[in-house]
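Hi,

Here is the structure I said I would pass on.

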Amino acid sequence: MSMAPSKPPGVMRRLWLRAKAMFRRAEPRELAPGRFERGSTAASTGAVSTAPLVAPRREYLVYVPKGHDRGRRLSLVVLCHGCRQTPEDLAGLTGIAERADREGWLVLLPRQAPAANPWQCWNWFDANTARGAGEAAIGAAQIVEVRRRFGARRERVWIGGLSAGAALAAAVGLWYPRLVRGVFAHSGLACGAAASPRTALDVMRNGPDGDVAGAADRARAAVGARALSVPLLVVTGDNDNVVGPGNHIALARQYLRFNGHPAGIDGYTRGDALPAPDATAREGVGGRHRLHASDWLADGRPLVRHVAVEALGHAWSGGRADFNFSDPLGPDALDLLSSFASVAAPLR
């Protein structure tokens, strides 16, 4: 009587191991915790004329979100701190780590060197920075290094900041549009707003004395025919007594001009108003400060959005109450960024 041959033991073992692997993949895995890592980057053109003996190198922090896997390329959000701040301060008051965990963002937080500015301000008023060298070049070099080091998506990079950090972000956005997909400027100033460091304080109060329209034209010409549009979100408080309204008006006009929008054709003049927007919206959230938003569009998408927050001073809107330069009553500035990016240049 013949008998069917039995399966070799090796085949059964392979089937069993394959089944175990399938069950293991189906089990929920504990995600790696989020963490901060340090680094530093130099740029060959990164010297600033206001501190010529300081090496063109700056340190930075990177927040790696919970569950980060090198095989998954994430968006990169760059946040530049303001004067008398550190990256740790800005991370804390904005709650960026928690948001990064939720959204899956890598976060780069550049650090100003005390020797480069005793008040820890970024040198937005420096002539080198205003023409795309100086600290703008260092910021660009940090973006490239962090993007490669952590595998970030080059088409999903947004740079922003508060006050002097926003001014630095504006300079990087103009001069490095192939590295930056969008700019978020909170209480900031236009690139090239100050004609010299001596006039910086007056410019902060009263608006630019530099040729910000010319800066937009020079940056556009440097990029050439392949220039990319760079959406801009401006957030400002109507009670800001540190950075006056002439600056956020100039910044919006500068990016309209850089991006070739008809509303940016006319040059900026001191005391000028925002050009007529393509769309406006007014909204409020609970008992928080109300806001007024104006959009300028290109192909149906917002190219520049200007958000004025009622009763907000020189502070991060919606920040944590236990930090300086923070107003918890305002609409969350990171919510405003996410909302704008989702329709202008998605972060996801």
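Y63 sits across from V107 of β4, so start there if you open the model, which is a predicted one. That pair belongs to a stretch where β2 (residues 57–64) runs antiparallel to β4, with four bridges between them. β4 also has a parallel partner, β3 (residues 75–80), again over four bridges. On that side, V78 is the bridge partner of L108.

How many of the six residues of β4 are buried? Six of the six, so the strand (residues 105–110) is largely enclosed by the rest of the structure. Side chains in a regular strand alternate between the two faces of the sheet. In β4, W105, V107 and L109 point one way, while L106, L108 and P110 point the other, and all are buried.

The other spot I looked at is N259, in the loop between α9 (245–258) and β8 (279–283). Its relative accessible area is 10%, and because buried means under 20%, N259 counts as buried. A polar atom of the N259 side chain lies 2.8 Å from the backbone nitrogen of V230. Leaving aside residues up to four places away in sequence, N259 touches R220, L228, S229, V230 and L303.

For the overall picture, the chain has ten helices and twelve strands, and 55% of its 348 residues are buried. Of the contacts between residues at least 6 apart in sequence, 69% join residues at least 24 apart. The chain exposes about 16,000 Å², with carbon and sulfur atoms supplying 54% of that.

Cheers

Conventions
Residues numbered from 1 in each chain as written. Predicted model: local features only at pLDDT ≥ 70, side-chain atom pairs only at ≥ 80, totals over all residues. Heavy atoms only, no water. Helix = DSSP H or I, 4+ residues; strand = E, 2+ residues; numbered from the N terminus. Buried < 20%, exposed > 50% of the residue type's maximum accessible area, 1.4 Å probe, protein only. Contact = heavy atoms within 4.5 Å. Areas by Shrake-Rupley, 256 points an atom, 1.4 Å probe, with all protein chains shown as cover. Polar contact = N/O pair within 3.5 Å; in protein donor to acceptor, adjacent residues only side chain to side chain. Pairing = 2+ DSSP bridges.
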